[in-house]
Each structure stands twice: as C-alpha cells, then as structure tokens.
Amino acid sequence: WLRLNSSKAVVSTQSTGDKDGNPFMLDTPYGDELPDCGFDPGEDTYQAPPADSSAVSVDVDPNSNRLELLTPFSAWDGQDYNDLQLLIKVKGKCTTDHISAAGPWLKFRGHLNNISNNFLITATNSENGEMNSIKNVVSGEFGPVPGTARDYKAAGIGWVVVGDENYGEGSSREHAALEPRHLGGKAIIVRSFARIHETNLKKQGMLPLTFADPADYEKVQPGDKVSILGLKEFAPGVPLTCKLTHPDGSSDEFSLNHSFNENQIGWFKAGSALNKMAEK
C-alpha cells in the first residue's frame, strides 16, 4: 500500500489480502519524471508592444458598469495638508474586507468608480457605533461613507480616515487602497497597519501614518479638522506633525510616524507609483 504525508510517499513492503484473504503484493508505483519528448510549448501568442505606443488607444464602452479606464491621480502640490476633514474614526477591527467588501462587489473590480461604493461600508463608526453611517459636514446629515466621501470630493474637501490596531489586515486586495484615493482621501492615520495594506496605500499616493503615541487615537473627535504638517521636509525616519482642530475651537497636536523610504516618498510626490514610473 501507499501512504502520502506532507513530505514524502511511504511504500509498504508488507503484503495485503484480497477479499478472500489471499495475500498479494502491489507493484511499486512508477512513472516518468519528465515526458520523453519534452513539454509541448503550445502556441506562441505573445504579441510584443510597439516601440512607440503614443498612438495606441484602448477602447472601453463608456456605458460599461464593469470596465473603466483609470485616470492618473494628481501629484502632490508641494504644500502641507491643512484642515482636512475627518471622514470617519473607525472603531476596532478593520480588515481589507471592511474597507472594500468582496462578494457581489467583485464584478466591479475593473470599474474603480463603481466598486468604490463599497468603501468602508462595514466598518464601525466610533461616533455612533453604527456601520455605514457618518456625519456629513456639508449637509449636516448622517449618510453612507462612500456617498459622504464623494460629497467632500465634489466640494474640494480633502479628508482622512482614522483607524485602530492592525488596520487593513486580511487579503492584500489593491482596491482597498485605490478606493480612498479615488474618493478624495489624503491620509489614513491609525494605531498600527497591516504591512501589505500600508505599502499598497503608498503606491496610490496616500499617506499611511501611525500615531507615535497610540493613546493619541483617543484625542480624535467627530467633526475634527486634521492638518498634517512637515510634508515640505518629508524624509525617511522623520516624523510628521498632526494638528487637530476640534469643533469647539480647541486643538491638539502630536507626532505621526511613517515608514516611507526615499523611493516611496517619490511615489507620494508624483501622485502614485505608476505616475513615478511614467516619468522615466
């Protein structure tokens, strides 16, 4: 008999019996490690791109709900981020599935604008303990997270998300970083990041930042304006400064850490990693 485990096959040298109890031995398993005639390479369908692709265009049906051409994100304007609006302060666990839900939403993964309607819809708002219900400072009413982010973007209001521990854990889905950038987000400030999601945010020109003192998470209040200072001197290992202006006019100031290296700072300044690559 043959027994398989995680590392090797074990062949027994003991006989076994048939249905009548007569002993017999199985032949030792055998097989060709490689085909005698080699592997069939199949049909070569690779088509090299033209040396000059400036005249090449990709046609996508403008009425498609599942495919959409991407527009490059705008580059950093060289200024500190002043008076960004707090979009949501997330309470507790927030995986990439909370940030960009899967299931039926995956049919829109080729259409960034449509799939962005799932942004943070299952994350818990610390203000009211509810999902997908946040205060819209433009309308003064509570509404869905994606819709509120869209309202801010339309009004020219940049925004930030504040999160808890291990923000972005789970699958490494790229849309969890693309969506906040597409909807007008500038920074994600958390107690700690899941490493892959942190890098994905950097690739899209977002600022993934962590509280130097995790207790500063508690200083963030609903309706806060958030300024991120020190971007003109943005450098590896040098903390940035966060200034919170609360609705009552009071303020708090504290340090924010980051893990950007020189190349990644280049991504931020160019607007995304793809923008930086396109410069070369």
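Beyond its neighbours within four places in sequence, Thr210 is in contact (heavy atoms within 4.5 Å) with Val190, Arg191, Ser192, Phe193, Ser255, Leu256 and Asn257. The model is predicted: local features need pLDDT of at least 70 and side-chain atom pairs count only at pLDDT 80 or more, whereas totals for chains, interfaces and linings use all residues. Residues are numbered from 1 along each chain as its sequence is written, and side-chain values use heavy atoms, with hydrogens and water left out.

Thr210 lies in strand β10; helices (H or I, at least four residues) and strands (E, at least two) are DSSP runs, numbered from the N terminus. Thr210 has a relative accessible area of 17% and is therefore buried, a term for values under 20% (1.4 Å probe, protein chains only).

Two strands pair if DSSP finds at least two bridges between them. The pairing of β10 with β13 is antiparallel and comprises two bridges, and Leu256 in β13 is the bridge partner of Phe211.

| Strand | Residues |
|---|---|
| β10 | 207-211 |
| β13 | 251-257 |

Both strands belong to a barrel closed by seven strands in the order β5-β8-β9-β10-β13-β12-β11, with mixed pairing. From one strand to the next, the twist averages 35°, with axes being lines fitted to C-alpha atoms and angles running from 0 to 180 degrees between N-to-C directions.

Helix α4 (residues 175-182) is largely enclosed by the rest of the structure, because eight of its eight residues are buried. These residues pack against α1, α2, α3, β8, β9 and α5. Just after α4, Gly184 adopts a positive phi of about 100°.

Terms used
Buried < 20%, exposed > 50% of the residue type's maximum accessible area, 1.4 Å probe, protein only.
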